[in-house]
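Trainee: Could you walk me through this one? I have the viewer open and would like to ask things as we go.
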Amino acid sequence: MTPVVLAVDDLRDQYLREMALVRQTYERTGDGTAAIRRRSAVVDRILIEMWRRVFPASAQPGIALLALGGYGRKDLFPYSDIDVLFAFTDEKSEAQHHETVRSLIQSMWDIGLRASPTSRTIKEIGRFDPNNLEFTLATLDRRFLAGQFQLYQQLHQSILPGLVMSEWNTIAQKLGEVARVRHAKFGNTIFHLEPNLKDCPGGLRDYHLAVWFALLFHLRETKEWPRQRGGVFQSARGDAEAAFDFLAAARCFLHFRHGRDDNTLDWQSQDEAAAQSIGLETRGTADPAYWMRTYYRHARIVYRRAALLMEHLPAPVSFYKQFRRRRTPIAGTDFVLDQGRIDILPGAQFSDASAILRIFALMATHGYTLSQSAEDRITDAIPALAIHVPEGPYLWNSLREVLLGPHAAHALRTMHALGVLEMLIPEFHGIDALVIRDSYHRYTVDEHTFLTIDNVHALRQPSQDYEHRLAQLLPEIDRLDLFLLSLLLHDTGKGRRNGEHASASVELAASFLARLDFDAEERDTVLKLIRLHLEMSLAMRRDIFDMENVRAFADKVGNPSILKMLTLMTYADIKAVNPDALTPWKAENLWQFYMATANFMDRSVDQIRYHSAIDPTLLNRIRSMVAPTQYDALHRFLEGLPQRYLQTRLPEHIRNHFLLATQLDTDPVQLDLRPVRQLFDLTVIARDRSRLFADVAGALAAWGMNIVKAGAFSNDEGVIVDSFQFTDTFRTLELNPTEKDRFLASIHDVVAQKTAVEQLLGSRRHLNSRSSVKVEVTTRLSFDTESSTHSTLLQVVAQDLPGLLRQIALTLSTHECNIEVALIDTEGETAIDVFYLTSQGAKLPPEIQQNLATELTEALDSMRQPARLHTIN
């Protein structure tokens, strides 16, 4: 068979010229939807001309060229593949045109078109392959380009409708299954720091998913294709179309920016898109947080509509069950319940909000969902309902019923999405899709709020050990309704963006509570919880066993009832920041701090340092675990150790540390390594020397360990018991158990000063790359001489970098500062470390504080590379 040679140099030049115009027009107008339509038209002209050159008008029997997928929809993004189908009447026709088709495909690549071709006979197209759902979906978006039009008509009018109708359930169920797998891959949430505009929930694939479902339902009901693709998905408000236009503009921006089919909206792309107001109606420069807020609003609309259409999929049922389907009227409303979904009766009218509030209470209690038609009718009725918004006890009783339901967050999300929540609580509008743009806060403020309520209700079925502890507090809260209302309102002040949101939230909450006619006690409870909702987290950045810290916090809280609610509020708040924010050790600290404060309120406060003459209980308990000849040595070991050390370890661990301390004359360095949940706990026992804490921190950094918590303790005899909790970043100890001995030997030699820690760090310096840093964090130091009676507190806020703790400890050692306690914490890319310091047994004088601040700032800044992005101050 003679190869077909196709000259396309002129078409390549034409394509480049026309695409340059497409880009220029896009950059001038920002209209992504128009850009993808224009590129589709450009490619149409190119392919049709190529077809004309290889196929004379009289020689095209048995073959047709079709556009599929995004190209078929005329949604051809700047660097997207060109999906085309070569359809043949039979195998003979396919073989006859094989070389011509091959030449066409090669010429597409020569021109610069990323061809994604498929060749099928009519018979093959009419067969459904469950393992190739993508091809069937692509044919739903087919479009005729060239060739035998009668062949296309045969596909359009009989073969494809017949295929879809005969395999409707399989196609629909498979489509739902594929979508659920994709959603699960992204955590079933639209909230990602760097979302993929195509594949993330709420992205363009979900938009097309909704269109495909709508098309399938339309075809099943009418037995014909819709006159206009996408019309089956259009809404009266145009919100879905507006969402598509925004996503299209943003994806075009990414393609042009990267020069390839890259759909990840990374941190830098967000900054640039905001600077150019991509997808926004107004031109100029926008704030990145505002721009991402717009993105999340559109993504929420798309994801919600796609999810609702997926819920319409018929569940697999037996032959007999299908005859027992019942639509149960909901008393006093125009709604009916149909297999867990609430639908609306035809002709229903809404004159007040009572029926709607009743529906949301049922959703909160039973987890029901609304049908798409019910949601649309409720949204359309909002302007009329807003004329007479319920207030006073009636509004509170309705809202209370929603809040107390186990599915409260689900009901509140639906109310929020439909505009009902803002109608009832206008103060909530300010945090709608509000973005806190850093690498720590995963969710928008409104979603974070709903997650806090979810977290509290989830304590009814605890799974983690710390959840079982915290769950004990839930039944002890007398007014759970007020507590949940506080959670709903606790972050509303963030919408004002004045930096300090707690007081703004109190102000907004007060205006809402006035409309509920709360009595003074109810009002004060809610406002106090909102006012104090950050205090427990702030106090936990200090030594939670320091009685001055406990006393100051207890004075703010005032009573045990508020303390219990504030503890659960802090738990729910931290856990709702991002999936990894509440680590087991942080939850343990929360519980320990709750217990310490509760004990203080009960007048059973422990002493700061242990003295057996005051409390011999611990001494007597551990004495039962050692030989009588060791009693005196045990007494000397325990004397003067901080209560914080003793309260965070089991008596068996304290006994083991004592036994190790007795071996110091034989080996001056004793180590104890044990796993603690997802962490490792390393205890170093030695006689005190300068730079010891810094050397251990440096050795751990050299091994790639990420220190998340540390404590420096000593007794009256000068024996130090330093504790480091760390994660094994590279899973070295887990994957290579034999490395444990080498790891401990390395730490031992560093502490014994046989190996210089600088030597270990030098071998790993090439791994300490900051290429993944998204947010530059400005170094901030603050000294506090009031919170502790015996130490000066130094708080260091800095970029979380390998070796950071060692550098801080080295600088402290240079100034002869003794670390009494070190508290290490990390939020995203921000390290927040607090040190309790003394100098010659006393607090740091002002001159040492000043010199230390200067040298420490210089030392930490020397670890940083030049900033690339914006800075958190």
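Mentor: Before we start, contact here means heavy atoms within 4.5 Å. This is a predicted model, in which local features need pLDDT of at least 70 and side-chain atom pairs count only at pLDDT 80 or more, while totals for chains, interfaces and linings use all residues. Residues are numbered from 1 along each chain as its sequence is written, and side-chain values use heavy atoms, with hydrogens and water left out.

Trainee: OK, which residues does serine 371 touch, leaving out those up to four places away in sequence?
Mentor: Serine 371 touches His312, Arg341, Ile342 and Asp343.

Trainee: And where is serine 371 placed?
Mentor: Serine 371 lies in the loop between strand S8 (369-370) and helix H15 (372-385); helices (H or I, at least four residues) and strands (E, at least two) are DSSP runs, numbered from the N terminus.

Trainee: Is serine 371 buried or exposed?
Mentor: Serine 371 is buried, at a relative accessible area of 1%, where buried means under 20%, exposed over 50% and partly exposed in between, using a 1.4 Å probe and protein chains only.

Trainee: Switching topic, in what order do the strands of the four-stranded open sheet come?
Mentor: The order is S9-S10-S12-S11, with antiparallel pairing, and two strands pair if DSSP finds at least two bridges between them.

Trainee: Which strands stand at the edges?
Mentor: Strands S9 (669-676) and S11 (705-714) do, and each has a single partner strand, so one side of each is left without a neighbour in the sheet.

Trainee: How many bridges join S11 to S12?
Mentor: Nine bridges join S11 to strand S12 (residues 719-728), and within this region alanine 712 stands opposite aspartate 722 in S12.
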